[in-house]
Amino acid sequence: MENKYSRREFLRRAGIVGASTCGFLLAGDELLDILEEAKAARQPTLSIASKGSPEHLVKKAIDGLGGIRKFVKKGSKVLIKPNLAWIRTPETAANTNPQVLAGIIKLCKAAGASSITVFDHSCDNGPAAFKASGAAKVASDLGVQLISGHSRSLYKKINIPKGKILKSDECAKLILDADCFINVPIAKVHGGAGITASLKNMMGTNWNRQAWHQNGLDQCIADYSTAVKPDLIILDAVRILLTRGPKGPGETKDVGQVIASTDPVAIDAYAATLLGKEPSSIGHITAAAAHGLGQINLKKVTIKKV
């Protein structure tokens with residue numbers, strides 16, 4: 001008679017055998033717990049917060065990863081990179097929600113950051129985009145620096161040894177000098193790259209964006225991310241842009257989520273699903289996965305709904 005065990009039953013029996021072999025007592029359920037913990041430790045995590053104000057969602061999402069102090073130590077220099085590319089109001093979902101930005105700044109302050117700087121190399125005029133997006137008011141109200149990356153003197157050459165196309169580039173010095181770099185994209189469609197989320201948002205940290213467009217955008221996005229990596233990613237999916245991205249105005253959808261992760265591929269794969277796209281259909285996500293920058297298969301990601 002053929003014996004067929006469920007996976008859990010198999011592991012339970014294996015635990016009993018293992019305990020006997022090793023000469024100590026380890027219950028099957030204890031072994032299962034250990035194995036599940038080990039599996040969770042290997043897998044990237046998406047902490048998905050919903051139901052609440054944007055600021056509340058930011059805190060819930062980061063708490064799902066262990067809390068802000070896991071990333072921002074007392075005395076840290078923090079650099080926050082939202083998407084403030086366009087002269088658009090928050091209602092259009094073309095830029096990072098200003099309340100999401102405010103929530104992150106307040107948490108960094110509470111964690112004891114010595115300095116907090118918000119930076120973006122906007123596509124439109126920087127100060128005008130900052131004002132329209134609401135970021136300028138947030139920065140002013142909370143007393144943090146908001147810097148536009150429209151001067152080449154703000155950048156420093158970096159080598160990209162793992163790049164297939166990009167072998168070097170110019171990255172914002174503020175990011176290279178920061179103790180903690182927090183990437184804060186908004187989820188939206190993009191006419192050239194399919195979507196823009198964490199990986200694509202990194203374009204606003206380099207000097208010559210046009211070179212990426214001319215030399216293979218998807219691969220350049222992935223190559224750059226092998227050299228410049230955020231410590232924490234907060235994806236704004238409070239309201240997302242479904243059409244006419246990246247600038248809009250277009251059709252929007254109120255998703256009401258903020259997602260935290262340290263895996264740029266996993267969080268972008270999730271963003272793609274919110275935008276109605278298959279992650280494997282987005283060239284820069286597959287290129288980043290091929291570089292080993294993260295997990296594109298969401299079935300292999302730990303999803304924590306908080």
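Let us start with rings: those of Phe, Tyr and Trp (its six-membered ring) pair if their centres lie within 6.5 Å, and planes under 30 degrees apart count as stacked, over 60 as edge-to-face and the rest as tilted. What you see is a predicted model, in which local features need pLDDT of at least 70 and side-chain atom pairs count only at pLDDT 80 or more, while totals for chains, interfaces and linings use all residues. Residues are numbered from 1 along each chain as its sequence is written, and side-chain values use heavy atoms, with hydrogens and water left out.

Under the ring rule, there are three aromatic pairs. In one of them, the ring centres of Phe119 and Tyr155 are 6.3 Å apart and the planes meet at 70°, so this pair is edge-to-face. It links distant parts of the chain: Phe119 belongs to strand 3 (residues 115-120) and Tyr155 to strand 5 (residues 155-159), 36 residues apart. Helices (H or I, at least four residues) and strands (E, at least two) are DSSP runs, numbered from the N terminus. Ring pairs also bring in Trp207, giving a cluster of Phe119, Tyr155 and Trp207. Phe119 and Tyr155 are both buried, where buried means under 20% relative accessible area, exposed means over 50%, and partly exposed is in between (1.4 Å probe, protein chains only).

Now step back to the whole protein. It has 12 helices and 12 strands, and 52% of its 306 residues are buried. Among contacts (heavy atoms within 4.5 Å) between residues at least 6 apart in sequence, 71% join residues at least 24 apart.

A salt bridge is a side-chain nitrogen of Lys or Arg within 4 Å of a carboxyl oxygen of Asp or Glu, and the whole structure contains seven salt bridges. One of them joins Lys81 and Asp120, at 2.8 Å from N to O. This pair, too, links distant parts of the chain, with Lys81 in strand 2 (residues 77-82) and Asp120 in strand 3, 39 residues apart. Both Lys81 and Asp120 are buried.

Two other salt bridges sit within helices. Asp63 pairs with Lys59, their closest N and O atoms being 2.7 Å apart; both residues lie in helix 3, four residues apart, about one turn of the helix. Asp63 is partly exposed, with a relative accessible area of 40%, and Lys59 is partly exposed at 40% as well. Asp141 and Lys137 also form a salt bridge, with the closest N and O atoms 2.7 Å apart. These two are four residues apart in helix 6 (residues 135-142), so about one helical turn separates them. Both Asp141 and Lys137 are exposed.

Which side chain of opposite charge is nearest to Lys188, a buried residue that has no salt bridge? It is Asp120, 8.3 Å away; here Lys and Arg count as positive and Asp and Glu as negative, while His and the chain ends are not counted. Lys188 lies in strand 8 (residues 186-190). A polar atom of the Lys188 side chain lies 2.5 Å from the backbone oxygen of Ala94. Leaving aside neighbours within four places in sequence, Lys188 is in contact with several residues, including Asn83, Trp86, Ala94, Leu241 and Pro246.

Pro246 leads us to the loop between strand 10 (232-241) and strand 11 (252-261). The peptide bond from Gly245 to Pro246 is cis, with omega near 15°. Pro249 lies in the loop between strand 10 and strand 11 too, and the bond from Gly248 to Pro249 is cis, with omega near 0°. Arg244 also has its place in this loop, and its phi is near 60°, a positive value in a residue other than glycine. Arg244 is exposed, with a relative accessible area of 62%.

Lastly, visit Lys51, in the loop between strand 1 (45-50) and helix 3 (54-63). Phi of Lys51 is near 70°, again positive in a residue other than glycine. Lys51 is exposed, with a relative accessible area of 76%.

Technical notes. A polar contact is a pair of N or O atoms within 3.5 Å; within protein, one must be able to donate a hydrogen and the other to accept it, and residues adjacent in sequence count only if both atoms are side-chain atoms.
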